[in-house]
Amino acid sequence: MTVLRLARSELKRMTGGLLPKLTILALTMVPLIYGAVYLYANWDPYGNLNQIDAALVVEDTGAQASDGTELQAGRKVADSLVEGHVFNWKTVSTAEEADAGVESGTYAFALKIPKDFSANLVSPGSFDAANQAMLNVTTNDANNYLLSTIVDKLTTAVHSTVAKEVGEETANQLLTGFGTIHTSIVKAADGAAQLADGIGKLSDGAATLHDGTTQLRTGTGELVAGQTQLRDGANQLNDGAGKLSAGLSELKNKTATLPADSRKLADGAAQVAAGNAELNTKVQDVVGQLDTLDAGLRDRVLASNARLVAAGVLSREQADKVLADFDAAAASGPVADAKAKIAGDAAKIQQLSDGSAAVSAGAAKLAGATPALTDAIAQASAGADQLSSGASTLAAGQQKALDGAVALAEGAATLDDGAGQLASGAVTASEGAHTLADELAKGAGQIPNPDDSQKSNVSKVIADPVAVSNVSQAKAGSYGAGLAPFFLTLSLWIGVFMLVQAMRPITQRALASNAPAWKIAVGGWLPFFVVSVLQASILTLVVNLGLGLNPAHPVLMWLFMLAAVMAFTAIIQGIVALMGTPGKFVVLVLMVLQLVSSGGTFPWQTTPMPLHVVHEALPMGYVVTGMRHLIYGAELSMIWPTVLSLVGYTVLGMGLSTLAVRKHKTWTLKTLKPEIAV
């Protein structure tokens, strides 16, 4: 008996009447009912969220932005939600009404925008009153558990959009502030430069002032020395004026009788002068007579000398000498001696007469001038008194001047020291001002001064600093396409599992034959595989053409599904053939284990560690991964190792089936009458 005859025999049995044919048809449709219908129901649930009623409460009262504009952020968010039609939003007047609707199930959830929403959005502009804007969401898992997750994604998206918009505005204001600071720092740097120049000039002026105060200090020292000398001179003048005043006072007292005494003296002198004049007249007469005697002779001599001098015979000296010789000769006789004596006496008398006359005239003048003298002495005494008083005042004033000069010298010294400190400080200040100007200029260069375009770009980056560039190497087109690999694989397993409910893993006729065990095992497996091929093919056509799965590799996907059912049918047929009715329970347990470990929904790595072993040991996880690569268009290098592993599972199933054939070749009472049959 050949393998094909064994397989054909079982297929004829299953198609020998109308009911068996309907049974095969129904079993063929099991994967389609499970896989395609489930995918159809969940193909695009997110696209139908607009059929879910959601309460929307807008209590926002608005706020005034920093630029003076009126901000109605809550109304803006509400309008964008309604226009987006993600949910069927129902506007509700109060939060209490919305919460009651969620509790009763009237609304799936409620989104409430509080009255301070806009005010808190603009609060970052005021650092002393920055608050977060809140979006209040009320959910009820009794309405639907997954709905809470969907709402969280929605509110996160709203939060991100509003935060980005407000953050962009706040960042723009911040950058504008940076520009203002930059401009102010530039102005400050310019001012500091001007200040540095001014302090430089001040430094030069302070140096000049220091030189001047040094000279003033020297000059005031000299002034003090001069004032000291003036004070000493004033003191000496005061002493001399006092002595002069005292002397003149004494002179005034002693010359008080001088006018009367001088008048008496003048009178006496006049009498003496008169007597002497009379005596002199008499004596001079005698002398005149003597002179008359000699006058002729001498006149002749003089005349002769004059003629000789005029003629140039004699010089004036010679003439004088002749006259002198004549006079000497005339004076050498007794007459000359008597004449000389008389002349001498006459001269004395003449001197006496002249002196007496002079004395008389002087005495008269003295007598006339003495009153004026006494008056002058009195005036001089009064002036000396005034001089003494003035000298005393001068001495006191000079002392004050000296004290002032000393104080001035001390002030000049202090001023000079201060000027020196000012000059030194001005130099330091000038250096500091230059440093300040340089540092301000550097600081201004480090503070950004963006233009409008730069502010716009940078504000967007600050508001949304992280941008995600999604590069999808393989992408599911819809939610249903994302679940398709898992549910298609699971439906294939369920389809095979349903086959063992109606088809015999190994026929009694084959066991009674003399065919080799492996032929009987393969002959028992082939009917399962043929029907599973029909199941996989119909399922593939429906999900591709009916649901629009549009896999990247449709033919390879179909062939891969055939490889999967090849392994599934071999394993399930082998287990049930070996274990009988309990084997069906084992197949069901294996399905449950693979359901939770294959990674069809969440990554299998997130499951508990014992399930990792199940994932590695059983075939469904490999089939799910391979289906994803074929449907989404991912890299295909792992397909062929997966196909080889499915061949390995098929061989394992054939081994179990062969072992079952050998086991069931021997009949027992349990074979004839099993304890349980399902």
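Reply: Two strands pair if DSSP finds at least two bridges between them. Helices (H or I, at least four residues) and strands (E, at least two) are DSSP runs, numbered from the N terminus. This is a predicted model, in which local features need pLDDT of at least 70, side-chain atom pairs count only at pLDDT 80 or more, and totals for chains, interfaces and linings use all residues. Residues are numbered from 1 along each chain as its sequence is written, and side-chain values use heavy atoms, with hydrogens and water left out.

Me: Which residue in β5 does V57 stand opposite?

Reply: Strand β1 covers residues 53–58 and strand β5 covers residues 109–113. The two pair in the parallel sense over four bridges. In β5, the residue opposite V57 is K112.

Me: A55 stands opposite which residue in β4?

Reply: β1 and β4 also pair in the parallel sense, over four bridges. Towards β5, A55 stands opposite A110. In β4, the residue opposite A55 is K90.

Me: In what order do the four strands form the open sheet?

Reply: The pairing in this open sheet is mixed. β4 and β6 (136–139) stand at the edges with a single partner strand each, so one side of each has no neighbour in the sheet. The order of the four strands is β4-β1-β5-β6.

Me: What angle does the direction of helix α3 make with that of β1?

Reply: Angles run from 0 to 180 degrees between N-to-C directions, and axes are lines fitted to C-alpha atoms, for helices over the stretch in contact. Helix α3 (residues 73–84) packs on the sheet and touches β1, β4 and β5, where contact means heavy atoms within 4.5 Å. Its direction and that of β1 make an angle of about 160°.

Me: Which strands does helix α4 lie across?

Reply: Helix α4 spans residues 95–104. Helix α4 runs at about 165° to β5. The strands it lies across are β1, β5 and β6.

Me: Why does W89 count as buried?

Reply: W89 is found in strand β4, residues 88–91. Buried means under 20% relative accessible area, exposed over 50%, and partly exposed in between (1.4 Å probe, protein chains only). W89 counts as buried because its relative accessibility is 10%.

Me: How far from a polar atom of the side chain of W89 does the backbone oxygen of L81 lie?

Reply: A polar contact is a pair of N or O atoms within 3.5 Å; within protein, one must be able to donate a hydrogen and the other to accept it, and residues adjacent in sequence count only if both atoms are side-chain atoms. The backbone oxygen of L81 and a polar atom of the W89 side chain are separated by 3.3 Å.

Me: Which residues touch the most other members of the largest nonpolar core?

Reply: A nonpolar core is a set of buried Ala, Val, Leu, Ile, Met, Phe, Trp, Tyr and Cys residues joined through side-chain atoms within 4.5 Å. The largest one has 53 residues. Those touching the most other members are L488, L492, W493, L549, M627 and I631.

Me: Which residues does T607 touch, not counting those up to four places away in sequence?

Reply: T607 lies in the loop between α15 (581–597) and α16 (609–617). Its side chain reaches the backbone oxygen of W604 at 2.5 Å. Beyond four places in sequence, T607 touches V596 and H612.
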